[in-house]
Amino acid sequence: MSIALLDGSAESPETAPDALAGFTIGVTATRRREEFCALLERRGARVVRAPAIRLVPLAEDTDLLAATRASLAGPIDDVVVTTGVGFRGWIAAAEGWGLSGDLAEHLTSARLLTRGPKARGAVRAAGLNDHWTPSTESCEEVKQYLLAQDLRGRRIAVQLHGEPLTGFVAALREAGAEVIEVPVYRWLPYRDTSPLRRLISQAISGGVDAVAFTSAPAVLAMLGAARAEGLEDALVAAFAGPVVAACVGPVTAGPLLARGVPAVQPERARLGALARTLARHLPEHSVTRLVAGGHRLEIRGHAVAVDGELKPLPPAPMAVLKRLADKPGHVVARSELRTVLPGGPARDSAEHAVEMAITRLRRALGPSGIVETVVKRGYRLACDRHESV
């Protein structure tokens, strides 16, 4: 059995039911944000919405108008179509400017090289014929395809997809082509930056388990916002440590990989595939499983499953539980537990804060005997060894 997704892919049943329950995931997307959030929430995730970027309306983009007129100034030999939404937007903007007839005539006589199936579908929907599509859906393969030919004197229009394709364009020009860069949409920072700033703080403090990115400009916007607050190094360290950076594809992951940050990616650059990848990765790599007091525990981002029953935990009890689980069966001193409490309580109230966190933890867990008090020493999980369940 499989479940149809909004992007046309299929979902295997083992990743569908509550695979992300207990995890918090930040979503930086603007376009198709609600669709992607629904895919995560369907699997039980708590989603933090923090749009990082916004699109410049095409009809108001003077750079796109200038590039369109440059394309119409002479015959076009090749057009590189990188995204379906961008190509459709270009056609619509040209219609608004009264240039759609001339643009269609030029595109009809050109070779249209589409980067992937969505770009190819947009070309065909416009009544045009696509010439070639790479199997890898990558701009790199398109570049190599063109460079294998004699490009001297050819006019090539390259549709950008939110950021410059500097190396791509430079290689074609070096091979003798005249290249027209067509910025079908441009990214600017989201007008309200407060959700993104909050997400940055949550990532650094461990308040989220993963941040999902669907475009490279969103990655750069988040890093830039952190840099403005003096927090870029701390954010990069969080991504290199406990917080999973999940990217829809290699282009999106590029700015993180350049900083040495590992990025989880699906095999296919699709929203549904990204959601499924997170649904597999987080339970496999971000869950602590152990037996304490005769009960099976699964410790997740903001919740713990006790004998299969998921129990959300407030930040302080969860921080204490995770520190106890770092040393299952060993006594952890109150002074050590005090250091993990959110907010850093004052010294005179620290012991009381730890006791309150332990009390709330025991109440939330339900069964007694999971967390033991060791008089005058601290607390421990009632288990002899760490084991998988």
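Me: Which residue forms a salt bridge with Arg323, and how do I read that?
Reply: A salt bridge is a side-chain nitrogen of Lys or Arg within 4 Å of a carboxyl oxygen of Asp or Glu. Here Arg323 pairs with Asp326, and their closest N and O atoms are 3.7 Å apart. A note before we go on: this is a predicted model, where local features need pLDDT of at least 70, side-chain atom pairs count only at pLDDT 80 or more, and totals for chains, interfaces and linings use all residues. Residues are numbered from 1 along each chain as its sequence is written, and side-chain values use heavy atoms, with hydrogens and water left out.

Me: Where do Arg323 and Asp326 lie?
Reply: Helices are DSSP runs of H or I with at least four residues, numbered from the N terminus. Both residues sit in helix α13 (residues 315-326), three residues apart, about one turn of the helix.

Me: Is Asp326 buried or exposed?
Reply: Buried means under 20% relative accessible area, exposed over 50%, and partly exposed in between (1.4 Å probe, protein chains only). Asp326 counts as exposed because its relative accessibility is 57%, while Arg323, at 24%, is partly exposed.

Me: What about the salt bridge of Glu309 and Lys311?
Reply: Their side chains meet at 3.6 Å, N to O. Lys311 is buried, with a relative accessible area of 15%, whereas Glu309 is partly exposed at 47%.

Me: How many salt bridges does a search of the whole structure find?
Reply: The search finds 21. Another of these pairs is Glu336 with Lys327, at 3.4 Å from N to O. Elsewhere, shared partners join Arg33, Glu34, Glu41 and Arg49 into one network of salt bridges.

Notes:
Helices (H or I, at least four residues) and strands (E, at least two) are DSSP runs, numbered from the N terminus.
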